[in-house]
Amino acid sequence: MERIIEGKTIAVNEEGYLTDFNQWDQKIAEVLAAEAGVALTPKHWEVLKYLQDEQKNQVALSIRRIGKSGIVDIKEFYQLFPTAPLKTATKIAGIPKPASCI
Amino acid sequence: MKNLVILGAGTAGTMMANHLHHTLKSPEWQIHIIDEREEHHYQPGYLFLPFDIYTPEDIIKRIEDFIPKEVQLTRHRIDRIIADENRIELTGGTSIPYDVLIIATGAKIAPEETEGMKGSEWQQSVFDFYTFEGALALRNKLRDWPGGKLVVHITEMPIKCPVAPLEFSFLADSFFKHKHMRDKVDITYVTPLSGAFTKPKATEALEHLLHEKQINIESDFAIERVDNDKKEIVDYGGKKISFDILVTVPTNKGDEVIERSGMGDDLNYVPTNKATLQSLAHGNIFVLGDASNIPASKAGSVAHFEAEILTENILHYIHGEPLKAEFDGHANCFIETGNGKALLIDFNYTHEPVEGSFPFPGIGPLRLLKESRMNHMGKLAFRWIYWNMLLKGTHIPFVSATMSEKGKQF
């Protein structure tokens with residue numbers, strides 16, 4: 001699937017996650033964040049950068065790991081991205097939704 | 001003489017001892033298996049204990065009855081693995097050297113990871129059913145419970161047998177119906193996942209069943225703490241769910257011996273190659289069952305399929321050949337749905353559970369992802385298969401270690 005954000009055509013899956021990280025930029029992140037009801041602060045950007053780096057290093061993302069990241073604790077992570085923070089944050093970061101372990 | 005050492009005489013370790021003793025024989029090889037416990041528990045039976053379907057005798061046997069005579073069984077606590085020196089140190093200082101090591105130390109619950117979980121209400125109104133003691137305490141509680149709010153809860157993934165808490169909910173529905181008190185019990189299923197299961201098609205089928213049985217579902221709930229005074233669970237987002245009985249699946253972790261040995265990830269699981277089952281850090285160490293970090297279900301069925309693959313790979317390793325056998329993440333699970341019925345799911349790393357027939361394409365007799373009595377009979381028969389075939393390493397006819405794509409509707 002495709003959608004247009006800020007005049008740019010980007011590829012997304014049926015849940016709205018970007019399928020090609022190269023198409024991600026800060027403008028797109030801001031639009032996706034606004035759709036999720038999140039106003040991005042410097043702390044948000046720090047978390048997004050952390051998630052993108054972990055993804056690049058092929059580390060499996062989990063709430064527990066983020067709590068140990070040294071950037072935010074789990075409580076703060078929930079304050080930044082309410083309800084389902086990992087799903088919301090990965091979508092804004094332009095990386096795949098973490099596959100929950102089976 | 002060379003030593004092959006197996007740590008843990010649970011489902012996975014016992015199967016490996018039985019597979020390997022036919023090939024690795026004296027005087028070239030001695031197989032050791034080390035476990036401090038005396039009893040072997042049929043862990044899937046813990047699910048049935050709280051509902052008085054199984055008795056303790058149905059699920060407990062002696063470890064030594066399942067270990068071949070030629071295999072040296074050492075009943076002792078393992079202090080740590082000293083991988084750089086290829087040896088195991090037992091508590092008290094005895095050292096056992098190995099040429100090849102198999103880690104099968106499993107996973108267990110860690111309720112202390114969640115604030116308040118092991119508090120004043122532990123085994124009063126907060127229970128687990130992943131231990132024998134927990135399942136038994138819950139049985140005693142349910143026998144004369146007058147009803148109220150029953151909350152079935154998963155703390156975080158991964159857990160052993162991810163379908164067990166769903167089965168618990170279905171069996172509870174059926175249990176209270178038979179006691180003519182279903183109207184007095186409110187059942188809520190609380191999960192950190194976004195739905196009932198981790199795979200879309202199975203989630204759809206299972207959520208339909210939850211709905212049909214009037215079981216509420218609360219998803220995306222990441223627990224922060226258990227409030228023992230108010231009898232509530234509270235999530236990081238501030239959501240609260242009150243309970244009269246909380247049946248929780250606490251965080252699961254690998255054994256502490258892995259932590260003491262400095263070989264685990266943050267949940268004490270050993271980083272392992274998901275296809276060959278070789279440890280990522282040490283060529284002569286192999287890991288199977290719940291102890292590894294591979295992205296497959298933590299379940300006896302997975303350990304069973306892994307054991308067939310690992311047996312081949314260990315022989316390749318010993319002969320200095322490349323590790324050929326590749327595990328595909330195959331899992332095959334019966335899901336009890338209550339009232340004498342069950343579902344069956346069959347899946348692997350790449351294929352999610354779908355509808356179809358099993359094990360014979362187009363024939364069955366078992367139906368995949370559909371409720372049936374035949375599947376329930378399969379689940380009950382499985383206990384016999386476990387004690388008499390699975391642990392002994394006997395191949396289960398028509399069921400292959402890697403998943404078959406035939407007879408399935410992808």
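Colleague: Among contacts in chain B between residues at least 6 apart in sequence, what share joins residues at least 24 apart?
Modeller: In this predicted model, 67% of those contacts in chain B link residues at least 24 apart.

Colleague: And which helices and strands does chain B have, in number?
Modeller: Chain B comes to eight helices and 24 strands.

Colleague: What is the radius of gyration of chain B, and what would a compact globule have?
Modeller: The value for chain B is 21 Å. A compact globule of 410 residues would have a radius of gyration near 22 Å, so chain B agrees with that expectation. Along the principal axes, its C-alpha atoms fill a box of roughly 65 × 55 × 40 Å.

Colleague: How many of the residues in chain B are buried, as a percentage?
Modeller: Buried residues account for 47% of the 410 in chain B.

Colleague: Turning to helix packing, at what angle do α1 and α7 of chain B pack?
Modeller: Helix α1 (residues 11–20) of chain B packs against helix α7 (residues 300–318) of chain B at about 35 degrees, and their axes are 9 Å apart. The crossing of α1(B) and α7(B) is right-handed.

Colleague: Which residues make that contact?
Modeller: From α1(B), they include Met15(B), Met16(B) and His19(B). From α7(B), Ala303(B), Ala307(B) and Leu310(B) are among them. The residues of this contact divide into eight nonpolar, five polar and no charged.

Colleague: Next, the two chains. How many residues of chain B are in contact with chain A?
Modeller: There are 15 from chain B, in contact with 12 residues of chain A. On the side of chain B that touches chain A, eight residues are nonpolar, four are polar and three are charged.

Colleague: What are the confidence scores?
Modeller: The model has an ipTM of 0.79 and a pTM of 0.92. Chain B averages a pLDDT of 95, with 100% of the residues scoring at least 70. Chain A averages 90, and 97% of its residues score at least 70.

Colleague: Within chain A, which elements have the lowest and highest mean pLDDT?
Modeller: The lowest, 87, belongs to helix α3 (residues 63–67) of chain A, and the highest, 96, to helix α1 (residues 26–35) of chain A.

Colleague: Staying with chain A, is Pro85(A) buried or exposed?
Modeller: Pro85(A) counts as buried because 24 C-beta neighbours lie inside 10 Å, and the cut-off for buried is 20 or more. Pro85(A) lies in helix α5 (residues 85–93) of chain A. Leaving aside neighbours within four places in sequence, Pro85(A) is in contact with Phe77(A), Tyr78(A) and Leu80(A).

Colleague: Back to chain B: which residues does the cis peptide bond with omega of about -5 degrees join?
Modeller: That bond joins Phe358(B) and Pro359(B), and Pro359(B) lies in strand β23 (residues 356–360) of chain B. Another cis peptide bond, with omega about 10 degrees, joins Gly364(B) and Pro365(B). Pro365(B) is in strand β24 (residues 364–368) of chain B. For context, most peptide bonds are trans.

Colleague: One last topic: where does Asn86(B) lie?
Modeller: Asn86(B) is in the loop between β6 (78–82) and β7 (87–90) of chain B. Although not a glycine, Asn86(B) has a positive phi of about 50 degrees. Asn86(B) counts as partly exposed, because 17 C-beta neighbours are inside 10 Å.

Colleague: And what is phi of Gln214(B) near?
Modeller: It is near 55 degrees, also a positive value in a residue other than glycine. Gln214(B) sits in the loop between α5 (200–212) and β14 (216–218) of chain B. With 12 C-beta neighbours inside 10 Å, Gln214(B) counts as exposed.

Methods. Residues numbered from 1 in each chain as written. Chains lettered and ligands numbered in written order. Predicted model: local features only at pLDDT ≥ 70, side-chain atom pairs only at ≥ 80, totals over all residues. Helix = DSSP H or I, 4+ residues; strand = E, 2+ residues; numbered from the N terminus. Rg over C-alpha atoms; globule rule 2.2 N^0.38 Å. Contact = placed C-beta atoms within 7 Å. Nonpolar A, V, L, I, M, F, W, Y, C, P; charged D, E, K, R; others polar. Axes fitted to C-alpha atoms, helices over the stretch in contact; angles between N-to-C directions. Left-handed = near helix turned anticlockwise from the far one by under 90°. pLDDT = per-residue confidence, 0-100.
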